[in-house]
Amino acid sequence: ITRRFGGTGLGLYLSKRLVNLMNGSLTCSSRLYEGSRFTFSIPCQCEVDSSNSKQGTSVSVPDVNGSLKPRIEVGSDVIWVQWKRSARVLIVDDMEYSQFVLEQMLRKLLGFNDITACSNGLQALQLLTNQNNASTVQRFDLIISDLQMPLMDGLTFVSKLREFELKIKSVHRTPVVILTGNSTQADRNRCQAGHVDDFLLKPIRSADLDTALRTVCCKPP
């Protein structure tokens with residue numbers, strides 16, 4: 001699962017097909033020895049539903065210090081929005097552009113504010129479990145990780161994180177959502193058996209991501 005090399009080159013072709021299906025346009029500008037920039041535009045219409053503020057069952061969710069945060073009402077849209085504003089999120093992805101897109105989605109579309117990014121599972125694990133310097137260890141309310149990464153892939157990272165949480169007998173079990181472009185049943189089985197709370201197939205929609213994050217963050221530990 002650990003990726004060492006680039007892709008097959010199909011990304012641009014697939015992007016062009018997707019943009020065309022959404023009645024958009026994709027353009028390219030290139031400079032010799034500098035690189036290429038691809039830009040797309042698609043017609044969009046934003047809809048906001050402010051009428052849904054259900055009441056529901058509440059559960060406890062650990063905070064960044066390991067104690068319990070105020071209870072989150074699973075069915076309450078208002079409290080979910082408030083929780084997201086103070087939640088700490090860790091993005092783990094080796095692609096800088098993917099980090100940027102995901103962070104913008106979390107900030108501008110889903111309402112998260114406190115976001116940190118790492119380039120691979122090894123870097124994230126050091127951030128979360130650095131035993132050489134306890135003062136640098138950080139706690140997050142939520143982790144969103146890519147599956148295929150160099151040095152340490154997403155499933156290996158999650159497995160080692162769970163081992164560390166078990167070793168220190170932490171009450172803070174960080175919810176982890178894996179993002180993957182692989183849709184084979186074997187990959188699904190590995191995600192489900194690898195201590196992952198949920199996984200989503202790329203490309204992801206903000207509504208699907210919000211639903212998945214809400215589910216894993218609001219379910220009882």
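Predicted model: local features only at pLDDT ≥ 70, side-chain atom pairs only at ≥ 80, totals over all residues.
**Close-up 1. Leu151 sits in the loop between β7 (142-146) and α5 (154-167).** Most residues other than glycine have a negative phi. Leu151 is not a glycine, yet its phi is positive, at about 70°. Is Leu151 buried or exposed? Its relative accessibility is 66%, so Leu151 counts as exposed.

**Close-up 2. Tyr33 lies in the loop that links β1 (25-31) and β2 (35-41).** Here, too, look at the backbone: Tyr33 has a positive phi of about 70° although it is not a glycine. The residue counts as exposed because its relative accessibility is 81%, and the cut-off for that word is over 50%.

**Close-up 3. A cis peptide bond leads from Lys202 into Pro203.** Most peptide bonds are trans. The one from Lys202 to Pro203 is cis, and its omega is near -5°.

**Close-up 4. The largest nonpolar core has 23 residues.** Those touching the most other members are Leu102, Leu106, Phe112, Leu142, Ile144, Leu209 and Leu213. Two or more residues come from each of α2 (77-86), β5 (88-92), α3 (96-109), β7, β8 (176-180) and α7. Which element gives the most to this core? The answer is α7, with six residues. Apart from this core lies another, made of 21 residues, including Ala124, Leu128, Val158 and Val196.

**Close-up 5. Ile144 and the residues it touches.** Leaving aside residues up to four places away in sequence, Ile144 touches Val89, Leu90, Ile91 and Val92, along with Leu102 and Leu106. Val177, Leu179, Leu209 and Leu213 are also among its contacts. Ile144 is itself one of the core members that touch the most others.

Close-up 6. A disulfide is a covalent bond between the sulfur atoms of two cysteines. How many disulfides does a search of the whole structure find? The search finds zero.

Terms used. Residues numbered from 1 in each chain as written. Heavy atoms only, no water. Helix = DSSP H or I, 4+ residues; strand = E, 2+ residues; numbered from the N terminus. Buried < 20%, exposed > 50% of the residue type's maximum accessible area, 1.4 Å probe, protein only. Disulfide = S-S within 2.5 Å. Core = buried A, V, L, I, M, F, W, Y, C linked by side-chain atoms within 4.5 Å. Contact = heavy atoms within 4.5 Å.
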